[in-house]
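Let's learn to read a protein model together, one feature at a time.

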Amino acid sequence: MGHRWTHAPLLACITMLAGCTATPTGLTPVVPAAPGLATQATPVPAATTRYRVDPAASTLHILVYRGGPMARLGHNHVVSSRNLQGRVWQGAALEDSGFDITVPVNDLVVDDNAARAAEGADFPLNISEDAKQGTKANMLRDTLLDGARYPEIRITSVHVQGDTKAPVVTAALRIKDQTRQVTLPVTLQTIGQGLQVTGSFAIRQSDFGMTPLSIAMGALLVVDTVHIKFVLVTNSE
């Protein structure tokens, strides 16, 4: 969004937003997670096939929308990552499958043309470099992602159920020092010797202790709800 006042939020990958000024719909249920979730290494059942995330082939898009009566003065953002880290495992039983993924916060990219093009008409191309740099600086400040103190976002599966090709995952999402439990459907596909896991979900920044920017008594603001879309491409360990 122009005038260097704008920012983007995190992490964290279900529905796409139709309007760029309206509050998004399809919010993923978010509840406080049990103590310790997403703070320690997740134990992997012994009898599983294990995969490593391929950062070069995997993508994360965080869609951030403008709002308020003066929304036309700003623009929507796509915050992306090509540096996802982590692992996925697949058990004989669906409940023995899962993932543990981290997103390096300071490596997030703001308004890359390729990422904006992939998200359609709400994200016109060629945002100025000055605006991108200003947005990223705001995104990393202590009222938002606080990249200096919290250099990664983490999402860890807690429970997997449903159909093997389209399971529903309950996961612990940790942003800054806040961990919340989210539920999201994913699709699972075998590709060569690896897997592709695709999903999307929506969260509120305020649920994770972040304060979306609002100026002129809300005449121009960043919508609290953001949408997260991800494609995890993995290789066999």
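Q: Which residues touch the most other members in the largest nonpolar core?

A: This is a predicted model, in which local features need pLDDT of at least 70, side-chain atom pairs count only at pLDDT 80 or more, and totals for chains, interfaces and linings use all residues. Residues are numbered from 1 along each chain as its sequence is written, and side-chain values use heavy atoms, with hydrogens and water left out. A nonpolar core is a set of buried Ala, Val, Leu, Ile, Met, Phe, Trp, Tyr and Cys residues joined through side-chain atoms within 4.5 Å. Buried means under 20% relative accessible area (1.4 Å probe, protein chains only). Here the largest core has 40 residues, and Leu145, Leu173, Ile175, Phe201, Ile203 and Phe230 touch the most other members. Among the strands that give two or more residues to this core are E9 (152–162), E10 (167–175), E11 (178–191) and E12 (194–204). There is also a second, separate core of six residues, including Leu63 and Phe123.

Q: How many helices and strands does the chain have?

A: Helices (H or I, at least four residues) and strands (E, at least two) are DSSP runs, numbered from the N terminus. This chain has two helices and 15 strands. Of its 237 residues, 50% are buried.

Q: Which residues are the closest to the centre of the largest pocket?

A: Think of a 1 Å grid over the protein atoms alone: a pocket is an open set of points where a 1.4 Å probe fits, with protein on both sides within 12 Å along at least five of seven lines, and lining residues have an atom within 4 Å of a point. Its volume is the space filled by probe spheres set on the points, which are joined across faces, edges and corners. The largest pocket here comes to about 240 Å³. Leu94, Ser97, Val160, Pro167 and Leu188 are the closest to its centre, out of 18 lining residues. Strand E6 (85–91) provides the largest share of this lining, four residues.

Q: What classes of residue line the largest pocket?

A: Ala, Val, Leu, Ile, Met, Phe, Trp, Tyr, Cys and Pro count as nonpolar, Asp, Glu, Lys and Arg as charged, and the others, Gly among them, as polar. The lining of the largest pocket has 13 nonpolar residues, five polar and no charged. The second largest pocket, with about 170 Å³ of space, has four nonpolar, five polar and three charged residues in its lining. Its lining includes His61, Ser80, Arg82 and Asp107, and E3 gives the most, with three residues.
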